[in-house]
Amino acid sequence: MVPLSWYMIFAAALFSTGLFGVLARKNAVAILMGVELMLNAVNINLVALWRYRTPEGIAGQVWAVIVIAVAAAEVAVGLALFISVYRRRKTVVADEIDLMKW
Amino acid sequence: MTVQQILFLLVAAGTLGSAFMVVSVRNLVHAALWLIAALGGIAILFVFLSAGFLAVAQVVIYIGAISILIIFTIMLTRNVAIDPGKQMNSSWVGALIIAVALFVLNVLILSQWSEINKTAPVLPAQYDALRLLGLALVNPNGYVLPFELASVLLLAALIGAILIAWGRR
Amino acid sequence: MNINALIWFLPLPPILAFFLIVLVANRKNWISHTLAILAVLLTWAAGMVVFFQAIQTEHLALHPFESAINWFAVGSGYFQIGVLIDPLSTMTLFFVIWTVLMIFIYSVGYHNFGQPKGDHDRPGLPPHGATLSDAHGHKHTVMSIEPMYARFFAFIALFAFGMIVLVISNNLLTLFMGWEIMGLCSYLLIGFWYAKPSARAAMIKAFMTTRVGDVFMLLGIAYLYTQTGTLTYTEIFRPAVLEKLVATPAVFGLFGWSAAALIGVLIFIGTIGKSAQFPLHVWLPDAMEGPTPVSAMIHAATMVSAGVFLVLRMFPLLAAGWEPAAGQLTPPMMFMTVIGSFTALFAATIAVAQNDIKRVLAYSTISQLGFMIAALGIGAYVAAAFHLFTHAFFKALLFLGSGSVIHGMEHGVLHTNDHIDAQNMFNMGGLRKKMPLTFWTFVIGGLALAGFPILTAGFWSKDEILAEAFHSQQWVVLATLALAALLTAFYTMRQITLTFLGKARTPAADHAHETPWTMTFPLVVLAVFAVGAGWFGIGKDFPLLGGLLPNVFHDFVGSTIGEAEVVQFSIWPLLISLLVALGGLTLGWLVYRNYQVGEVDPVQKTLGSVYKILQKKYYFDELYDTIFVRPAVWLSDVFANWVDRTVIDGFLHAIANVVGVIGSFLRNYIDKPVINGFGDLMASITQRLGFNLRPVQTGKIQQYMVYALTTAAIFAAVYFWIISSR
């Protein structure tokens with residue numbers, strides 16, 4: 001009974017929220033949390049489309065599984081990086097990690 | 001307005017609210033907790049979408065591992081002075097505008113699609129999504145390769161993360 | 001044996017020898033002279049075959065040996081060149097090949113082949129002697145070999161080629177080519193000893209003077225070609241063509257002459273130059289600067305004869321419109337008569353006052369050529385051809401003899417170290433005993449020149465000329481030529497007496513001795529011809545001797561122009577000939593036989609101040625120098641210094657300066673500020689832009705992401721609403 005459009009609009013809203021978090025938060029870990037939200041929004045989209053368009057196939061779910069796996073890997077590496085940076089610079093505030101400026 | 005729709009709306013609202021709190025609270029630990037809430041809401045939606053395995057996987061991996069990891073990192077990277085200060089950076093207005101603009105764009109584009117308002121088709125009887133998923137993941141004509149590659153990726157991430165965070169004293 | 005092929009072959013050996021000597025054998029003397037003499041021998045042999053074939057042919061004049069090939073395309077047809085052997089060219093070929101062969105052999109000895117190299121000899125100067133010491137340490141000087149030996153033979157081989165081409169050609173163009181080749185060789189050979197300033201001046205003088213004649217000749221040839229469209233003799237001498245030429249008036253109606261007359265006069269001017277007639281005679285005496293074989297061959301026997309050959313060849317044209325009986329000569333013939341007889345007397349008077357043995361002979365040549373031309377002028381074709389023939393032999397003989405004398409004197413000079421002029425007759429004397437063979441052959445030649453009766457060839461030919469003059473009642477011509485003949489005999493005897501008779505007047509003359517066989521053998525051969533050549537021209541009704549031998553000249557050579565006139569025998573011209581010849585000889589002997597050393601020349605004593613004028617050749621050289629040479633030098637100076645350096649170079653320098661100014665203007669006002677400035681401006685704009693854009697790179701990733709997403713959103717919007725809806 002729930003039309004597809006609800007899921008997709010929901011996913012879009014979630015995605016935008018995550019995007020806002022990525023762009024506007026100071027702390028690096030907070031940025032990572034925003035990234036997680038975006039990935040989840042994508043997952044919702046994938047599964048919704050699977051359920052509503054090709055429920056006999058299984059490609060949608062497989063893809064969602066892969067996304068989850070990749071997200072996990074990415075979080076692990078990212079957090080390791082944050083820790084390493086924290087050790088060097090004593091900060092994880094994104095604005096202060098600006099060595100690549102002119 | 002059917003029951004499913006009302007339930008959906010409730011869950012969606014909760015998830016979105018949690019997400020919004022994630023990106024706006026000052027205290028990072030609170031943000032992590034709100035993240036857990038949002039992820040839980042996502043899991044419920046997976047159940048609504050008849051992807052049971054995914055719901056469980058979501059709970060186990062995301063909530064059970066990733067969120068905990070995030071909390072660990074928050075703890076490990078705290079400054080001595082716990083005063084969080086402002087949590088939005090200098091260009092948060094631009095970011096807001098962009099986020100909203102992208103959302104609007106998205107929706108507009110979606111509304112062009114003719115089939116956007118379809119309802120879910122009926123699942124066949126005896127539909128065992130889990131079994132199908134399992135078979136697909138090991139089927140050479142299926143998705144065994146991405147599956148294996150994903151595992152290699154995890155291994156590499158594992159090793160890489162250890163190396164990066166090793167640190168020399 | 002294909003006679004035409006043999007005729008074509010004739011000029012080939014000499015030119016081949018020339019190239020071989022120049023390219024290959026230049027250093028080796030004996031190879032050079034062997035190549036040259038072998039070549040001339042081949043030509044001589046082939047020429048003799050052609051000669052015998054020709055004189056045995058009936059009516060050769062009507063059916064000459066002729067052969068032509070196409071050379072280049074002209075209009076719709078071809079210009080043809082070829083060979084022609086008719087009686088005139090047969091006769092000329094005969095004396096040319098004989099004299100050339102003899103002179104080649106003579107040159108071997110003249111240039112002292114076999115002698116050692118000189119002490120101070122260098123190429124460009126005549127050899128000066130080599131010092132030899134014998135077993136006892138006594139030094140004596142002997143004659144040395146010519147340093148440029150091979151070069152000499154190369155040049156005379158080229159010359160022989162030119163002469164043969166001229167003689168055998170059947171058209172005026174190849175004749176002119178042979179003419180010019182000989183002119184070139186004359187230039188090269190007069191200035192053979194190019195390190196001597198007098199030789200250099202003489203070579204230029206010779207070339208320039210004959211060039212003047214050649215220009216007019218070329219004008220005549222060109223005019224003839226435009227009128228008739230051909231240059232081949234047989235085509236031109238067709239009666240129809242000649243009549244048309246006589247009927248056409250000359251361009252611009254010049255003097256009221258016909259085209260034939262103008263062409264004839266122009267062509268004759270070429271002869272005036274080449275055969276050294278007045279007023280273009282000035283080059284021939286100076287040409288004696290060359291070695292004596294050159295003087296003999298080029299300036300006595302062959303090249304100057306080519307001028308007379310030309311007018312003999314063109315006689316039908318020159319005489320076109322002439323009625324022998326009516327007596328009115330055509331303009332070319334009139335011109336020739338005047339010039340020829342004047343030159344004969346003029347040159348003879350100068351010869352009387354010359355002291356150099358070769359100069360006397362040079363003026364004698366000019367004078368004798370004047371005889372021939374005067375004869376042709378009054379229409380005596382056979383007489384002129386006859387005298388050409390005999391003159392070639394005895395003049396060559398005389399020149400070679402004088403060379404032998406000079407050689408003997410040089411030997412004496414080297415032996416006694418008495419540095420006198422070996423060519424001055426007043427330093428000689430008594431050479432009769434020292435050089436007997438030279439003496440006898442020289443006497444034969446001299447008597448032939450003077451016209452000694454019966455025994456010498458010169459008598460018969462000169463007598464024929466005087467007889468013709470008498471017969472056509474050309475009294476002025478007769479008187480002039482007779483007087484010239486008298487003077488000829490006089491100066492000839494003067495020459496013989498001073499050189500050979502009496503006692504030696506200088507130590508050098510006392511020590512002279514006979515020259516080697518390569519030099520005396522040709523003298524003997526030529527002496528035979530000087531005696532015998534005339535016997536084939538004795539008129540039929542000459543008392544006693546007429547009719548004994550066929551009158552080849554009249555019958556054979558005369559047939560070239562159809563029926564030549566038969567001159568009736570008359571006693572008067574014979575008496576005049578005898579008188580002038582014998583009288584002149586006797587006078588000469590009487591005056592000079594008792595000449596002693598140191599005395600003034602008797603002629604000078606008699607003539608006084610006139611002698612000075614004669615010795616200075618009537619001051620013609622000085623006259624020409626003032627009128628022609630100095631202005632030319634001045635003009636060239638003007639052109640070189642003023643026009644070339646000041647005007648042209650100045651103009652070029654001015655252009656260079658202007659270009660420099662323009663260049664620096666462009667550089668400073670356009671290149672540097674505008675173009676460089678523009679480039680610099682671009683650079684500074686880029687730098688400024690970069691500098692001002694740099695702050696965008698804050699290093700803050702989130703800002704980057706915002707920018708990126710903004711751009712992506714805009715692109716997406718543009719795509720979806722604008723592009724995809726079209």
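Helices (H or I, at least four residues) and strands (E, at least two) are DSSP runs, numbered from the N terminus. This is a predicted model, in which local features need pLDDT of at least 70, side-chain atom pairs count only at pLDDT 80 or more, and totals for chains, interfaces and linings use all residues. Residues are numbered from 1 along each chain as its sequence is written, and chains are lettered from A and ligands numbered from 1 in the order in which they are written.

**View 1. Chain A follows the pattern α-α-α along its sequence.** Chain A has three helices and zero strands. Of its 102 residues, 59% are buried (20 or more other C-beta atoms within 10 Å of the residue's own, C-beta atoms being placed from the backbone).

**View 2. Helix 2 of chain A (residues 28-53) meets helix 3 of chain B (residues 52-76).** Their axes (lines fitted to C-alpha atoms over the stretch in contact, with angles from 0 to 180 degrees between N-to-C directions) come within 11 Å and cross at roughly 170 degrees. The two helices are therefore roughly antiparallel (angles over 145 degrees).

**View 3. Residues of helix 2 of chain A touch helix 3 of chain B.** V29(A), L32(A), M33(A), E36(A) and V47(A) contact L54(B), I66(B), I70(B), T73(B) and I74(B) (C-beta atoms, placed from the backbone, within 7 Å).

**View 4. Chain B contacts chain C through nine residues from each chain.** The chain B side has six nonpolar, three polar and no charged residues.

How values were computed. A residue is buried if 20 or more other C-beta atoms lie within 10 Å of its own, exposed if 12 or fewer, and partly exposed in between; C-beta atoms are placed from the backbone. Two residues are in contact if their C-beta atoms, placed from the backbone, lie within 7 Å. Ala, Val, Leu, Ile, Met, Phe, Trp, Tyr, Cys and Pro count as nonpolar, Asp, Glu, Lys and Arg as charged, and the others, Gly among them, as polar. Angles under 35 degrees count as roughly parallel, over 145 as roughly antiparallel, 65 to 115 as roughly perpendicular and the rest as oblique.
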